[in-house]
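The entries below follow the order in which I looked things up.

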Amino acid sequence: MNWNRHSELEGMHAVLSASKYYWTGYSEEKLAEYYKRQLAAAKGTELHAFAASCIRLGQKLPKQKKTLNAYVNDAIGYRMSPEVLLYYSPNCFGTADAIAFRNDTLRIHDLKTGEIPAHIEQLMVYAALFCLEYRIKPGAIKTELRIYQNDEVLFHLPEANEIAPIMDKIIAFDKIINRIREEEG
């Protein structure tokens, strides 16, 4: 059999893909909702890339109460680095949208472009990953977390007793995953 080649599609995923077969049970309304969520996710990815470029270039946006503008301008003002990977192990890592550590203050900002309400726990995990990777005790530093969403900024100043248990859980769960991997491997 001479198979048709579709090299231009390699690495891409179709909206109606076989691996996400659950669409076969969707109504037309549910399909429209699903597709709109995918479009919003793609737009969010582009907005994150745009914001990261602005931050890297130091290009501030017009001063407005818009989510993107406030996020970019604050990150530039605090001399933050965009899209920084925080790593504990192959089982636990994540990319902070914007992060800075100076003068014993850890600052992590997260840009949310979707409608689903954000959760500060995501940023707490980033703080825990930072402390684990750079071997910093959470009680020895000040931490400020911010979520930018729906033209608002959510602030949280976690205490060490909020971050330390997440660090402990990362360490414990990583060991469990590694043990299972060894047993199954």
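The entries begin with conventions and then turn to the sheet, the helices and the pocket.

**Conventions.** I am working with a predicted model, in which local features need pLDDT of at least 70, side-chain atom pairs count only at pLDDT 80 or more, and totals for chains, interfaces and linings use all residues. Residues are numbered from 1 along each chain as its sequence is written, and side-chain values use heavy atoms, with hydrogens and water left out. Helices (H or I, at least four residues) and strands (E, at least two) are DSSP runs numbered from the N terminus.

**Entry 1, the sheet.** I looked up the strand order first: five strands form an open sheet, S1-S2-S3-S4-S5, with mixed pairing. Two strands count as paired if DSSP finds at least two bridges between them. S1 and S5 (152–156) are the edge strands, each pairing on one side only. Ignoring direction, neighbouring strands are turned by 35° against each other on average; angles run from 0 to 180 degrees between N-to-C directions, and axes are lines fitted to C-alpha atoms, for helices over the stretch in contact.

**Entry 2, strand pairs.** I then went through the antiparallel pairs.
- S1 (residues 81–89) and S2 (residues 92–102) are joined by seven bridges, and a hairpin with two residues between the strands connects them. I noted Pro82 opposite Ala98 in S2.
- S2 and S3 (residues 105–111) share five bridges; Ile99 has Ile108 in S3 as its bridge partner.
- S4 and S5 are also antiparallel, with five bridges, and Tyr148 stands opposite Val153 in S5. Their hairpin has two residues between the strands, and Asn150 in the turn has a positive phi of about 50°.

Helix H4 (residues 160–184) lies across S1, S2, S4 (142–149) and S5, and I read its angle to S1 as about 55°. Contact here means heavy atoms within 4.5 Å.

Two packed helices are described by the angle between their axes and the distance between the axes. For H1 (residues 28–57) and H2 (residues 67–77) I noted an angle of about 30° and axes 9 Å apart. From H1, Leu47, Phe50, Ala51, Cys54 and Ile55 meet Leu68, Tyr71, Val72, Ala75 and Ile76 of H2. The residues of this contact are 10 nonpolar, no polar and no charged, where Ala, Val, Leu, Ile, Met, Phe, Trp, Tyr, Cys and Pro count as nonpolar, Asp, Glu, Lys and Arg as charged, and the others, Gly among them, as polar.

What volume does the largest pocket hold? I recorded about 500 Å³, a volume being the space filled by probe spheres set on grid points joined across faces, edges and corners. On a 1 Å grid over the protein atoms alone, where a 1.4 Å probe fits, a pocket is an open set with protein on both sides within 12 Å along at least five of seven lines, and lining residues have an atom within 4 Å of a point. Of the 23 lining residues, Lys112, Thr113, Gly114, Glu115 and Gln149 are the closest to the centre. The lining has eight nonpolar, nine polar and six charged residues. H1 gives its largest share, seven residues.
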